Amino acid sequence: MSQGFRLRIVAGTDMIDGRVGPTSEDVRREAQRRLSLAGYGTMYARQLATGGRVPNSIAFLRMQIEFVAETLAELEPIPEDFRSDEYWPNQA
């Protein structure tokens, strides 16, 4: 006699708190990564230490990155390709 088995579908690692896809925290981490690549943290620390200013181009880039991050984080759902350069300002 065969015994019945109960099967349950288990979500992958992309499901957190019942939600599938990127989270606003993922977007914030991407923004922080881009700011770090631009050297903003180093320049800001230098500003605090010396009283010199963060260059306007970097300060403006920070403002743009924060705007994009806030806008993307508020979308429902957040696009899967939110890390794409198409969403973010150029760091040139």
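**Entry 1: Trp88**

I began with Trp88, which I found in the segment after H3. The model I am reading is a predicted one, and I kept that in mind for every value I noted here. Is Trp88 buried or exposed? I looked up its relative accessibility, which is 5%, and because buried means under 20%, Trp88 counts as buried.

I then asked which residues Trp88 touches when those up to four places away in sequence are not counted. The list holds Val27, Glu30, Ala31, Arg34, Ile65, Val68, Ala69, Leu72, Phe82 and Arg83. I also looked at the polar side of Trp88, and I saw that a polar atom of its side chain lies 2.7 Å from the backbone oxygen of Phe82. As a check on how the chain folds back here, I noted that Trp88 and Gln64 are 24 residues apart along the chain, while their C-alpha atoms are separated by 8.0 Å.

**Entry 2: Glu30, a partner of Trp88**

From the list of residues touched by Trp88 I picked Glu30, whose place is in helix H1, residues 24–37. Glu30 has a relative accessibility of 4%, so I wrote it down as buried. Its side chain is joined to that of Arg34 by a polar contact of 2.8 Å. Not counting residues up to four places away in sequence, Glu30 touches Phe82, Arg83 and Trp88.

**Entry 3: helix H1**

I next looked at H1 as a whole, and asked what its 14 residues should span at 1.5 Å a residue. After H1 comes Gly39, for which I read a positive phi, near 85 degrees.

**Entry 4: helix H3**

Which residues of H3 are buried? I found Ile58, Leu61, Ile65, Val68, Ala69, Leu72 and Ala73. Looking down the axis of H3, I saw that these buried residues fall within an arc of 125 degrees, so they line one face of the helix.

The buried residues of H3 pack against H1 and against helix H2, which covers 40–50. From the buried set I followed Ile65, which touches Ala31, Arg34, Leu35, Trp88 and Pro89, again leaving out residues up to four places away in sequence.

I also looked up Ser57, which lies in H3, residues 56–74. With a relative accessible area of 52%, Ser57 is exposed, because exposed means over 50%. Ser57 and Gln91 are 34 residues apart in sequence, and I read a C-alpha to C-alpha distance of 9.4 Å between them.

**Entry 5: the nonpolar core**

Which residues have the most contacts inside the largest nonpolar core? This core has 16 residues, and the ones I was looking for are Val27, Ile65, Leu72 and Trp88. The elements that give two or more residues to the core are H1 and H3, and H3 gives the most, with 7 residues. I set a general remark beside this: in soluble globular proteins, nonpolar side chains tend to be buried together.

I then went to Pro77, in the segment after H3. The peptide bond that joins Glu76 and Pro77 is cis, with omega at about 0 degrees.

**Entry 6: the whole chain**

Last, I stepped back to the protein as a whole, which has 3 helices and 2 strands, in the pattern β-β-α-α-α when read along the sequence. Of its 92 residues, 27% are buried. I noted an accessible surface of about 7,400 Å², and 53% of it belongs to carbon and sulfur atoms. Among contacts between residues at least 6 apart in sequence, 60% join residues at least 24 apart.

Conventions
Residues numbered from 1 in each chain as written. Predicted model: local features only at pLDDT ≥ 70, side-chain atom pairs only at ≥ 80, totals over all residues. Heavy atoms only, no water. Helix = DSSP H or I, 4+ residues; strand = E, 2+ residues; numbered from the N terminus. Buried < 20%, exposed > 50% of the residue type's maximum accessible area, 1.4 Å probe, protein only. Contact = heavy atoms within 4.5 Å. Areas by Shrake-Rupley, 256 points an atom, 1.4 Å probe, with all protein chains shown as cover. Polar contact = N/O pair within 3.5 Å; in protein donor to acceptor, adjacent residues only side chain to side chain. Arc of directions from axis to C-beta. Core = buried A, V, L, I, M, F, W, Y, C linked by side-chain atoms within 4.5 Å. Expected span 1.5 Å × (residues − 1).
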